[in-house]
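Trainee: Could you take me through one part of this model closely? I would like the disulfides and the helices and strands around them, then whatever else in the chain deserves a look.

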Amino acid sequence: MDPIWLRAALTIVMSLLLTACGDAEGTGDGASGGRTGEILIDGSSTVFPVTQLAAERFGESNRGVRVSVGISGTGGGFEKFCNGETDISDASRPIKDEEAAACAAAGIGFIEMPVAFDGIAIVVNRENDFAECLTTEQLHRMWGREAERTVTHWDDVNPVYPDREIELYGPDPDSGTFDYFTDEINGGEGVSRRDYTPSTDDNVLVQGVAGGKGAVGYFGFAYYVQNRDKLRLVAVDGGGGCVLPSNETIEDGSYNPLSRPVFIYVSTAALAKPEVAAFVRYYNEHGAEIAADPNVGYTALPDDRYEENLRALEEASP
């Protein structure tokens, strides 16, 4: 055989061998293991960034699997989940009794998995140079039901503040962040003034606060991290002094009372699909690094909590 053709043939053979080896090495991680299918996820806009990052990284080694992550709020996500429309539900609060009952009535079993710590950030427009710290009482004065059409200017919150109209932005009532905030600040889930601009999409809230000189809003700390150049963060005094949210203050609970865990809920029936089980396993095996990614803005759970999630996954898997 001509030496040139011999070298070409050897190159082709070696290329095929390397590809085969790469496939074999990838099967353990799903890189080239032939895994296909679709994973449907919906729910909290607060949890969206961490789940989306997990989906993107999982997809790098599982290109045959399409992971769709939607945003319809925690409540809207649970409604779809309990109707059997999704495999996984993102939630910024624990499932409510009535939601769990709806799932049970539909025969939907699930595993609750905390995946990160998050704080609720209070943010104002960058031109606001006076609201450095707000007490929980002042937040209640601003957001309580009785504030509707009454507390309309900043000096209504604190007389030393300017007579500037307040523009309020916050999650809509389907949001777990709305439930948690109103419970902690106003004394009950859903107890809130209604004359504010609500949205299921935190990016809309970011744009609203960034665009109004008198604007103030609240949403997950992760969205502040991603938009810190557009907003100014406000400290919160829960009774122990003014504290800014950060990975450290959220994890140790000193950012009080607006620190909380966030969750995914996994359908036990969906775990029969290998791609769903593989994704949930990946999510927890890499949970700490995903949550702590600087572009995401969450705080990782202790390692043993992710290990508990993995044990629960193995016990529930078919």
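**The disulfides and their surroundings**

Mentor: Cys82 and Cys103 form a disulfide, with 1.9 Å between their sulfur atoms. Keep in mind that this is a predicted model. The torsion about the S-S bond is -75°, and the link of Cys82 and Cys103 is left-handed. This pair links distant parts of the chain: Cys82 sits in helix α3, Cys103 sits in helix α4, and 21 residues separate them. Both cysteines, Cys82 and Cys103, are buried.

Helix α3 covers residues 73–82, and helix α4 covers residues 97–105. Their axes come within 9 Å and cross at roughly 20°. An angle under 35 degrees counts as roughly parallel, so α3 is roughly parallel to α4. The crossing of α3 and α4 is right-handed. From α3, the contact takes in Gly75, Phe78, Phe81 and Cys82. From α4, it takes in Glu99, Ala102 and Cys103. By class, the residues where α3 meets α4 divide into 5 nonpolar, 1 polar and 1 charged.

Tyr265 is found in strand β11. How buried is Tyr265? Its relative accessible area is 0%, so Tyr265 counts as buried. Between the C-alpha atoms of Tyr265 and Gly43 the distance is 9.9 Å, although the two residues are 222 apart in sequence.

How many disulfides does a search of the whole structure find? It finds 2. The other pair is Cys133 with Cys242, whose sulfur atoms are 2.2 Å apart. Here the torsion about the S-S bond is -95°, and the link of Cys133 and Cys242 is left-handed. Cys133 lies in strand β5, residues 133–135, and Cys242 lies in strand β10, residues 242–243, so the pair ties together parts that are 109 residues apart in sequence. Cys133 has a relative accessibility of 17% and therefore counts as buried. Count the bonded cysteines along the chain, and the disulfides follow the pattern 1-2, 3-4.

Strand β11 covers residues 259–267, and the loop between α10 (247–251) and β11 holds Pro257. A cis peptide bond joins Asn256 and Pro257, with omega about 10°. Another backbone feature is at Arg149. Its phi is near 60°, a positive value in a residue other than glycine. Most residues other than glycine have a negative phi, and most peptide bonds are trans. Arg149 is found in the loop between α5 (136–143) and α6 (154–157). Buried or exposed, at 65% relative accessibility? Arg149 counts as exposed.

Helix α11 spans residues 274–285, and helix α13 spans residues 303–316. The axes of α11 and α13 come within 9 Å and cross at roughly 165°. An angle over 145 degrees counts as roughly antiparallel, so that is how α11 and α13 run relative to each other. The crossing of α11 and α13 is left-handed. On the α11 side, the residues that meet α13 are Ala277, Val280, Arg281, Asn284 and Glu285. On the α13 side, they are Tyr306, Asn309, Leu310, Leu313 and Glu314. By class, the contact of α11 with α13 has 5 nonpolar, 2 polar and 3 charged residues.

Last, the chain as a whole. It has 13 helices and 11 strands. Of its 318 residues, 50% are buried. Consider the contacts between residues at least 6 apart in sequence: 74% of them join residues at least 24 apart.

Note on methods. Residues are numbered from 1 along each chain as its sequence is written. This is a predicted model: local features need pLDDT of at least 70, side-chain atom pairs count only at pLDDT 80 or more; totals for chains, interfaces and linings use all residues. Side-chain values use heavy atoms; hydrogens and water are left out. Axes are lines fitted to C-alpha atoms, for helices over the stretch in contact, and angles run from 0 to 180 degrees between N-to-C directions. Helices (H or I, at least four residues) and strands (E, at least two) are DSSP runs, numbered from the N terminus. Angles under 35 degrees count as roughly parallel, over 145 as roughly antiparallel, 65 to 115 as roughly perpendicular and the rest as oblique. A crossing is left-handed if the near helix is turned anticlockwise from the far one by less than a right angle, and right-handed if clockwise. Contact means heavy atoms within 4.5 Å. Ala, Val, Leu, Ile, Met, Phe, Trp, Tyr, Cys and Pro count as nonpolar, Asp, Glu, Lys and Arg as charged, and the others, Gly among them, as polar. Buried means under 20% relative accessible area, exposed over 50%, partly exposed in between (1.4 Å probe, protein chains only). A disulfide is a pair of cysteine sulfur atoms within 2.5 Å.
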